[in-house]
Amino acid sequence: MSEKPTILTPEVDIELEQEGEGDKANESTPLLPARDVLPESLLIIPLFDRPMFPKMMGPIMVEDPQIQQMILDAQEKGMVIYLGMLMVKPTEAGEPRTPQSSDDFYKTGVVAKVVQISPPNMEQPLQLVAQAQERFVVRQMIRQQPVFKALVEYPPEDKRESSDELKAYSVAIIDCIKELVTLNPLFKEGLGLLLERINVSDPSALADFAASMTTSSGGELQNILETTLIQPRLEQVLILLKKEIEISKIKADISKRIEERLSKQQREFFLKQQLKEIKQELGIAKDDTESEVEKFEKRLKNLIPSPEAKERIDEELDKLKLLEPSSAEFNVTRAYLDWLTVLPWGVYSEDNYNIAKAERILNRDHYGLEEVKERILELISVGIVKGDLAGSIILLIGPPGVGKTSVGQSIAESVGREFFRFSLGGMRDEAEIKGHRRTYIGALPGKFIQAIKTCKTANPLIMLDEVDKIGASFRGDPASALLEVLDPEQNNDFLDHYLDVRFDLSKVLFICTANQMDTIPGPLIDRMEVIPLPGYIQAEKVEIARRHLLPKQLKLHGLTKSQVSIGKPVIREIVEGYAREAGVRNLENRLKKILRKVARELVSDPSRKVIIKKADLPELLGKKVFSDEKIFSRPRVGVITGLAYTSMGGTTLHIEAAAVATGTPGFKQTGQLGQVMVESSEIAYSYVRSLFTEDKQKLEYFRKNLIHLHVPAGATPKDGPSAGVTMACALYSLAVNTPMIADTAMTGELTLTGMVMPIGGVKEKVIAATRAKLKQVILPADNKEDFELLPDHIREGISASFVKTFTDVLRICFPNGK
């Protein structure tokens, strides 16, 4: 019985004669060459990377479900299955493409006989093993997607008799293959297959197999497949083999260089290991564990750790000696011991008890700030008497730019201590203060232990900036963690979570800074000595600019006094028109801007000296930021000047009152007033109305008018009770239709019965009045002592009147007795 090949036609997928009929046909049909019985209609399997060559065997992956089913059905019927292996043309960019029509295929392929089908798996493509038979050329594609079938013809073989030239080509190809095997052992298996499957004396088979062994591109191999003449095909294959040999030589050269490099590294590694072993045998060197232990013990010779710390260090050293250096626990223990032994246990810097030197340093670095300087000198004096500067906790509170941070640096220099500063602004994690537990990867001690390590002394000066801006989150409340650090009764046994042993912070000087006290927790304020730093008056800012800011900026800009001159009147004009803030930071920025423009001019003419005049300021700095407040300089009915205290320092506050005839009584407030200020305005309105219970005309006035109270500037939020007197005075001025006396400002909390209560921020408010060139301020009687304690240069040019009741206020503001 002979096999009947599968024939694929447009009408019938697979044809198969019955076994009996096939036997009869074979009895009456003469024998034919193998190529004569190959089917003329083939099911096409697309190839994407490289074509197959005749006589070659290889695996095929069939992904299309319809083709899979056709092959499996044919297998069940016992058919011999032939498939057409045809390569798909790549895109213009060289990428594989999904065939959409017959134009996407090359015209020449090979017919392959399926010799093995793996058991089907629905989740994976169908795997076949096929033996390529002969070349074919497509005459016509007879079915389109999803299944491609083609009518093919088999070109006749080139039966040219063997010649010397063909033998030479064949020998050259075999020599190339042998050379490839020596360069790349992977070709050895291919050579074995060559000897098993093909006749080396057949030039056609030799050319096809040699081409299939190369790593050439699909297009180059397709050209070999399409070449039917023997000699041209041998020439092309020989060229591909020569290219393959060159590529293999380059690869071998690269591999050799890499192996040499690796061999050198390995050789050095082994030699170093041998040298290490030899040194250890001779006692010249120690292993990693011994060297680490020796390093830690050497550090401990210069330290005096507490008994608790000494016990913990000894335990960890014993543990380290038993651990392998390659273990993870070794690195954790080593890092822990590194922190324990690097801290300055019992190491203290020598304090400076020269009070004259300390005073000289403070006066050199800062102008004014007498209260702060006096407190630091008191601290040093106590140290002289006691013989020890015990840890103190000071809170410097004031608006931005008044020198809080720079004061801390000067204090550290004056007492002769190491200085460390870090900001608490935005801190939300308690572990930043008390450290992370060692169970966490990348755990570290808290900021205070890190500061002690950096300073290398156990008594540095640590500055905590922005203590009023600490946050809180699910990770804890850093402000609560600070309670232990900033408590002199507790910080001698400060316990960091990472160290897990107590460290004495009682010798540390803590300087905290803040802009306002409202956001600082009460228990934290109780642990600190509060020293306010109010804003500077105009004269102080001029002197600070002349003595400190201008020389500093000249140096930073690479300029000298011989190149630029900014006189005292010009600085005063800058302060008055461009930098009226409580601090001097904005003033320094204005000086920077001027010096940048001066530097630009000096580049054009280096020999000239630039003299800045008042008339130059609009061109250099632009329009004035602060007006002369001429809008409110003339007394007006219903307009009263008050004094307020903000986080930026003291400021003047102009309150306006107006009546709107509505026929019904009413009261309205505007100006972004807070709840406390709204309540103060309602108290003022009720109290002023009560003053006119006997005056029917004024009562009628309030019954028929809506009173509108406004506090400029409307975009700025305002709150607090200290404007009660000012608002009542504005309402009174409106009711009696009489302006208040000029150049007067007031502050004080008003009660419903007309009593004037004390307020805070007297110094800042008086500075604001001086800055606004006012001549008189009205203050509560209980604040008289606060005013008298102010320095003379702040009180200069200001007269103060002290009142107990609102009647006293009216007597001063409306002397005509309206």
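I counted a salt bridge wherever a side-chain nitrogen of Lys or Arg lies within 4 Å of a carboxyl oxygen of Asp or Glu. This is a predicted model, so I kept to its limits: local features need pLDDT of at least 70, side-chain atom pairs count only at pLDDT 80 or more, and totals for chains, interfaces and linings use all residues. Residues are numbered from 1 along each chain as its sequence is written, and side-chain values use heavy atoms, with hydrogens and water left out.

**Entry 1: the network.** My count came to 34 salt bridges. I found Glu543, Arg546, Arg547 and Lys568 linked in a network of them. Within it, I looked up glutamate 543 and arginine 547, whose closest N and O atoms are 3.1 Å apart. Both sit in helix H18 (residues 538–556), 4 residues apart, about one turn of the helix. Helices here are DSSP runs (H or I, at least four residues), numbered from the N terminus.

Glutamate 543 is buried at 8%, whereas arginine 547 is partly exposed at 45%.

**Entry 2: two other pairs.** I noted a salt bridge between lysine 698 and aspartate 695, at 3.8 Å between the closest N and O atoms. Lysine 698 is buried, with 17%, and aspartate 695 is partly exposed, with 29%.

Lysine 310 and aspartate 314 meet in a salt bridge at 3.0 Å, N to O. I place both in helix H9 (residues 307–322), 4 residues apart. Lysine 310 is partly exposed at 36%; aspartate 314 is partly exposed too, at 30%.

**Entry 3: H9 against H10.** Staying with H9, I checked its packing on helix H10 (residues 328–342): the axes come within 10 Å and cross at roughly 150°. Axes are lines fitted to C-alpha atoms over the stretch in contact, and angles run from 0 to 180 degrees between N-to-C directions. Angles over 145 degrees count as roughly antiparallel, so I logged H9 and H10 that way.

Which residues of H9 make the contact (heavy atoms within 4.5 Å)? I listed Arg312, Ile313, Glu316, Leu317, Lys319 and Leu320 from H9. From H10, I noted several, among them Phe330, Tyr336 and Leu340.

Methods: Helix = DSSP H or I, 4+ residues; strand = E, 2+ residues; numbered from the N terminus. Buried < 20%, exposed > 50% of the residue type's maximum accessible area, 1.4 Å probe, protein only. Parallel < 35°, antiparallel > 145°, perpendicular 65-115°, else oblique. Contact = heavy atoms within 4.5 Å.
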